[in-house]
Amino acid sequence: MRSRYIPLLMTFVVFVALYLIAYSRFSSFGSMRVVGNLLRDNAYWGIAAIGMTFVIISGGIDLSVGSVIAFTGVFCALMIGRNGWDPLATFAVILTIGTLFGATMGFFIHYFKIPAFIVTLSGLFLARGMAYVLSTDSIRIDHPFYKQISDLVYVFPDRGRFTFAAGMFLLILIVGIFLAHFTRFGRNVYALGGNSDAALLLGVPVGRTTILVYALSSFLTVLAGIVLSLSKQSGDSTIAVGLELDVIAAVVIGGTLLTGGVGYVIGTFIAVMTLGTIQTYLTLDGSLTPWWIKIVIGILLFSFVALQKLLSSRKRVQSAKEQLATAPLPS
Amino acid sequence: MNTSGQETKPLLEVKGLSKVFPSTVALSEVDFTLYPGDVHVLVGENGAGKSTLIKLITGVHHKDGGVILLEGKPIEPRSPRHAQELGISTVYQEVNLIPTMSVAENIFLGRQPMRFGMINMRAINQQAKQLLRGFGLDIDVTRNLSSYSVAIQQIIAIVRGVDLSAKVLILDEPTSSLDRHEVERLFSVIRSLKQRGIGIILITHFLDQVFEIADRITVLRNGHKVGEHRLAELTKVQLITEMLGKELTAALDNKQVTAREDGASTKPFLEVRGFARHGMIEPFNLVIRQGEIVGLAGLLGSGRTEIAHLIFGIDQNDQGEAFVKGEQVNLSSPRKAIQYGFGLCPEDRKVEGIIGELSVRENIILALQARMGWFNYLSRQKQDELATQMIEALHIVTPDAEKPVKELSGGNQQKVILARWLVSNPEFLILDEPTRGIDVGAHAEIIQIIKRLAQEGKAMMIISSELAEIVDYSDRVVVLRDRKKLGELEGNEINESTIMQAIAAN
């Protein structure tokens, strides 16, 4: 077992253990109904978390996630619900706006050497402010397309529902894994997070990769906003406040190092499903308020960071030992 | 082996290369020629211009004069990446690869073989394995780079560089953190590169290694080329005198042994036996007596600073034992060393010494306050008193004690650091290059202060690249080369020539 897979394995073990606990208490966890709902309910922020995984692997951070989701929701509601735009055209416009927004943040991070924390914090305020400027009301979307999408469901024999949102989540998951491991862009992201100075000397297009990473994150965040808009059939500028923190927590619990260079898209997916499972359990149980989820996130987050710290310091001791034992000379 | 360079055409030729920085001429009309299959070693002390020359060739800096010819054609490298495209690869001391990625991925980053629009990981692993085998390295290429030793990482970096069709390979102090076996391994790789006709520029501080691997040696000093030699033509003493810019004269300006001896006690303050740390310094014994000044002499990278760091607990010894006033002690951290009465003025005062934003007073009381504990607060009155006292005693030129230290001249900053340790009244002071980068007047003053402190009974250990200075104040001189203590000179044995000969001794 390679030590680089240990955090991922831990994530998986925690998920399986929690799921089994939930199943032993509520047998409905064995049904496609719960599985389908888990995928549906967590799709929107799971999609954003996949984008965030790339950002954190590259050694950065994106705090604008919650605001961008709110802005997307308000924009769609306003254009489709009030101005009668075609939904698909609206999505194309908002995805373009979002991608440019992310690319601009990446541009400032790379060319002006401003910390990502500051740039994306500005992005957070900007996007939230824009959402409020567009509308402070909750706007309903009443459009046949939205009805069609919500009817687009595969029903399992046990009446479990595989929705459009769930499908989108899984699609983005597969695309994310492919991007991360099988394209030069993906490998450049890992290189950038592993050692950005070395990446530059090794010929990695550092500027382009940084811009693309934030563009990708914002693109996926807007997509998350669209998915949320489709399920809520409304737009509200007050939603998803602080969501970026849940997203970052999921990425870290999924085994991605906050310092960059190491991480897996699938780990983020498992972490999102883990948190979703806890949420569902708390809701079904009813004796505890669902806000306990925050406490659990805190505990999990801390445990995972502590574990990573432990692993990396153990590895340093090990490699120092290996260096002491001199390898034989080539003859 | 292709050492009969004259008949073959030069691979890389540099003529009249100059570089001027705002305050200094870093490189002045330097000529340098590299033949294919040759190992050309660049040597020189701090500020000699080695790294400037390399940075001009690799496009990190841009030249102010002269020409660079690669295979007879003039080139203008714009960036390290551009230089690499032209066929000039560089491997630095601190390996510039991605520690969190696999060995194979590091070798093929940015040029991965693709299949069906996807990265072909199998091909990457196979090709990397084959490539490394060609250099006698049979390792698991799917493991992370960071799981291998620095020596292996360096070989991997070289292999990557060479595989990018390098004609010229620059190795910038590749052996600094390697042990003897690892150096052997690296050298065997270098020898196989020679056979492929690659020209190698090697920067190293290790004289023995120079004589082991070099075909040709260029000596730089203060931005000028002072000599170019075929290895066979050169002796170690010659090389050292050229590097230091001194003449070997028979017993001139011998140290005058004065009545200083009376003041010096013979009681050892510190004694270390068989002190060593793997990869840093080989085992050495050292005694430092109260009221005695011990100078550490050697070239850059000879292990002088390493000894200071080991004794002060910045790095921990993995062998040997230490005694302070006859009692065995454990020098495992600077905190402990300070408790035993040690003080250290580090080499690079900008990085390790002063805190520029703080005032002269605050900088002076820093170590004392740390030693007393932060809850045992020094009264402001006491602080002012100490600061004023030190400003007077050391002639620190500052309008008042509240001036931020960064606004003082280099010499006065150095005095502030000295003052910091003096107020905490250490029994043993280590000074690492106390006179570097300060003007002549301050230079003389600091040397006076050093001598006075010894007369007051403090044990002193001083590292300096200025041989004349070491000869001036040392009661004893410890001679180092290639991370090894070679011996000691005492009393009237001490002069510049004996020191240089001792450094060169076999």
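**Entry 1: a bridge in chain B.** I looked up B:Val272 and found that its bridge partner in S14(B) is B:Leu286. Strand S13 (residues 268–277) of chain B pairs with S14(B) in the antiparallel sense, over 6 bridges. Strands here are DSSP runs (E) of at least two residues, helices are runs (H or I) of at least four, and both are numbered from the N terminus. Two strands pair if DSSP finds at least two bridges between them.

I noted that this is a predicted model, in which local features need pLDDT of at least 70 and side-chain atom pairs count only at pLDDT 80 or more, while totals for chains, interfaces and linings use all residues. Residues are numbered from 1 along each chain as its sequence is written, chains are lettered from A in the order in which they are written, and side-chain values use heavy atoms, leaving out hydrogens and water.

**Entry 2: another sheet.** I also found an open sheet of 6 strands with mixed pairing in chain B, ordered S6-S9-S10-S3-S11-S12. Its edge strands are S6 (88–91) and S12 (224–230) of chain B. Inside chain B, S3 (residues 39–43) and S11 (residues 216–221) pair in the parallel sense over 4 bridges, and B:Leu42 stands opposite B:Thr218 in S11(B). Helix H8 (residues 236–244) of chain B lies across S3, S11 and S12 of chain B, at about 30 degrees to S11(B).

**Entry 3: where the chains meet.** How many residues of chain B are in contact with chain A? I read off 40, touching 32 residues of chain A. I counted 1 salt bridge between the chains: the side chains of A:Arg187 and B:Glu105 meet at 2.5 Å, N to O. The term asks for a side-chain nitrogen of Lys or Arg within 4 Å of a carboxyl oxygen of Asp or Glu. On the chain B side, H6(B) gives the largest share, 5 residues.

Conventions
Contact = heavy atoms within 4.5 Å. Axes fitted to C-alpha atoms, helices over the stretch in contact; angles between N-to-C directions.
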